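Colleague: I've just opened this one and would like to go through it with you. Can we start with the overall picture and then pick out a strand?

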Amino acid sequence: MSTLVSAPSSSDLKQLAFDVVAKAKKAGASDAEAVVYEGEEFGALVRLGQVEQLKESGSRAVGLRVFFGQRTASTSSSDFSSESIERLVSGAVALAKVTSEDPFAGLPEAEAFGQVEKDQHLYFEDVNEMPPAERIEIARRSEAAAMAYDTRITNSGGGDFDTSTSHKIMVNSRGFVGEYRKSYCGFSASPIAQGETGGMQRNYWYSNSRTTRLLESPEEIGHEAARRTLKRLGARQVKTQAAPVVFSPEIARSIMGNIFEAANGDAIYRHASFFADKLGEQVAGENITVVDDGTMVFYPNNGDGVGGFGTSPFDGEGLPTRRKVIVERGILKNYVMNTYTARKLGMVSTGNASRGLAGNPGIGAGNFYLEAGTLTPEEIIGDVKQGLYVTETMGFGVNLVTGDYSQGASGMWIENGEIAFPVEEITIAGNLKDMYKNVVAIGNDLVFRGASAAPTIRVEGMMIAGS
């Protein structure tokens, strides 16, 4: 006769975290930190109107980090049985005893712990309440809208719909106890178009949110995906030249994201960043202000609050998240650090610890963005006599030590302030140290579709390698 085992409740999971820490301390650890995680995911892919993939999964796991003075080790397990928890603790303890000492290892000081107390609106139950059939239908509608938009749309990469919810609990031996839930939902369409000469192009567009109430219309998303795809038909190369480059928000976000990586405390300590020893110096134009804020809550249409995709009450070590300006009017104001890298640099953590279940904390962003300017994208493009509007980049051509930047790109060619024709199979190159100082225009179109965002930007004097 089988016995039905119910899922552990929130209080059970929290008690598990307390028990794991207590067992580690009893085994001789000077400090211990436990993270318990549980999550659910749903994904549906519809292609040409038919369900091609359907997945639904749940997961739960516990991670433990122990310290014996300045020796540390971590373990994790997805098995919550008593025997497995005993192995989890004994394994971490045994590993820590044989590792070498690290003078910078250790939990943060007790007074540093804390969390944002106000409701950050990170979790919405409607993500789970939407029936699977309705989720699949949204994916199907977005794809159908794209397919019906134009006869040149001849195929599809599909329409998808994804949801996820998660619950994280952290407990440590220095008195910190914290937990939060997050929800996510989103869908997209990826049409394929064929031109008159037989050439094919594909693109996509999407909508996402923490709540189903704020998802955009499937038809609007399908139409936008189709428009973006059709614009690429007939793409060709341009001659090699130096010219202004306008970056769409999706690509500007990546360009500005390199500022976070360059300000990463670990890279700074290792002198593996062109921002090393630049604190307080001019590293970008005076029009550049870059912010990392793990506390952001948005109020769309003056309605209820919705937490940002990078918002959380505490970081991966139990320190409260906060807003910090990394670059202010071109001046490098802050590095981003966890406790370990801060100790190496003789500074204090910025609340940017990023923690998985196993391993030491890394460094991660909250909501990271370039502050918006006042120009519309049309005004930025309209001021370019001859140049490139980049909508996609390919490859990994960024060297954070030297700042050298080189990426494959595609987009639109600009002539006399207007979009002239699509371009592809070109390379754009420059150096980030120069690019950040040569941003001559910043758009007013800052929209968060993820944890990082940037408006349209225009950079002068980049090299475009083509035919």
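Colleague: What radius of gyration does the protein have, and what would a compact globule have?

Modeller: This is a predicted model, and its radius of gyration is 25 Å, which agrees with the value near 23 Å that a compact globule of 467 residues would have. Along the principal axes, the C-alpha trace spans about 75 × 60 × 40 Å.

Colleague: How many helices and strands are there?

Modeller: The protein contains 10 helices and 22 strands. Among the contacts with a separation of 6 or more, 73% are between residues 24 or more positions apart.

Colleague: Which strand does it pair with in the antiparallel sense?

Modeller: That is strand 22, residues 457-465, which pairs with strand 8 over six bridges; within this pairing, Val 246 stands opposite Arg 458 of strand 22.

Colleague: And which strand runs parallel to strand 8?

Modeller: Strand 17, residues 386-394, runs parallel to strand 8 and is joined to it by three bridges, with Leu 388 of strand 17 as the bridge partner of Val 245.

Note on methods: Residues numbered from 1 in each chain as written. Predicted model: local features only at pLDDT ≥ 70, side-chain atom pairs only at ≥ 80, totals over all residues. Heavy atoms only, no water. Helix = DSSP H or I, 4+ residues; strand = E, 2+ residues; numbered from the N terminus. Rg over C-alpha atoms; globule rule 2.2 N^0.38 Å. Contact = heavy atoms within 4.5 Å. Pairing = 2+ DSSP bridges.
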